[in-house]
Amino acid sequence: MSDLVGLVRAVQANYYRVRLREPVNGIEELLCVRRARLKKMGQQVCVGDWVVMSHPDWQGQRGAIAEILPRRNQLHRPAIANVDQILLLFALADPPADVHQITRFLLTAEGLKVEIHVVFTKADLVSPQVQQQWRDRLQQWGYSCDVICLTAGNSWQCLQPRLAHKITVVCGPSGVGKSSLIRQLLPWEAIRVGAVSDHWHRGRHTTRHVELFPLPEGGWIADTPGFNQPELPPDPQQLAAAFPEIRQRLSKGQCLFDNCRHDQEPGCCVRGDWERYPLYLEYLHELEATASSEPSLGNTPRVKAKSDSQGQQRLEPLLDPKKYRRRSRRQQHQHLHPMAEEVLDSEL
């Protein structure tokens, strides 16, 4: 039988819902566990992974994930792989849009090097002038933008052609309407929707895990748990590359130094009067301060290459000797028995 391949649609606890690439005997999905070998090798199964399954129980609709196929990309927070595009949702009011927060989300999305589209919700709570100001602002930053309302009208339908035949991740802070958008797109799904706190003016977390939902036009959309402070790129060089304004300026000019930080260096073509430049400097100094305060730690490989009887190399988990290996008898004999050590100590 050929390899049984499927797409990981949801992860809950130690179980994985895997949608088969091709239905078998009318079965489209299996509830799977991860093989112990993958766990020992430190390979984490993510939503969006294409995996190979073994030992299917067709009657019980269960199976085991034996192999994870190579990923095109991976978003670590939330953990999802093989993303085609990211839909960033922000509210124009309740909670209000914040340049600092929007930029942090954009920097995280830029790390995947996929298409990014920004959507502002709750358009009914602000004036048309404010809506146009945010459209113009995002265009200056280098991003396309839509403004929609999820409680009235059908303005959200402009997103349907953009979502077709792609794996789309919906990200953004809590309370901006991520679950409400997916409920509009998929009214037959039981999507929980929460209200914004009257005291803190922030959304309550309603989505507890990442899950892919199939779209009627083809493709998948993922609802993700909301969070308000994404992490910065770990490398200052990656930080500069994540700003479209910096990429645009470097395409038209060249800095005097190849390792220019775009801060106080002479001959810098990036430094100038553009809106998010103070934010870039703030994040740059934050990363440099963090890098100088943390000691560098080497990464220990978790796998080793071993040749089989046919001479082909395969990867095996590198086991922790303190956890999985017993001490050899030779090492045991090299140490005196505790009672013999006591006798020697008493004679001395």
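Reply: A helix axis here is a line fitted to C-alpha atoms over the stretch in contact, and angles between N-to-C directions run from 0 to 180 degrees. Helices (H or I, at least four residues) and strands (E, at least two) are DSSP runs, numbered from the N terminus. This is a predicted model, where local features need pLDDT of at least 70, side-chain atom pairs count only at pLDDT 80 or more, and totals for chains, interfaces and linings use all residues. Residues are numbered from 1 along each chain as its sequence is written, and side-chain values use heavy atoms, with hydrogens and water left out.

The part to look at is helix 2 and its surroundings. Helix 2 covers residues 99-110, and helix 8 covers residues 277-293. The two pack at an angle of about 65°. Their axes lie 11 Å apart. The crossing of helix 2 and helix 8 is right-handed.

Now the residues in contact (heavy atoms within 4.5 Å). Helix 2 brings V99, H100, T103, R104 and L107. Helix 8 answers with L279, E282, Y283 and E286. By class, the contact has four nonpolar, two polar and three charged residues. Here Ala, Val, Leu, Ile, Met, Phe, Trp, Tyr, Cys and Pro count as nonpolar; Asp, Glu, Lys and Arg count as charged; the others, Gly among them, are polar.

Next, the loops on either side of helix 2. One loop runs between strand 8 (85-91) and helix 2, and P95 is found there. A cis peptide bond joins D94 and P95. Its omega is about 0°.

Another loop runs between helix 2 and strand 9 (115-121), and K113 is found in that loop. Phi of K113 is near 55°, a positive value in a residue other than glycine. K113 is also exposed, at 73% relative accessibility. Exposed means over 50% relative accessible area, buried under 20%, and partly exposed in between (1.4 Å probe, protein chains only).

H55 is found in strand 4 (residues 50-57). Its phi is near 50°, again positive in a residue other than glycine. H55 is exposed, with a relative accessible area of 64%.

Notes. A crossing is left-handed if the near helix is turned anticlockwise from the far one by less than a right angle, and right-handed if clockwise.
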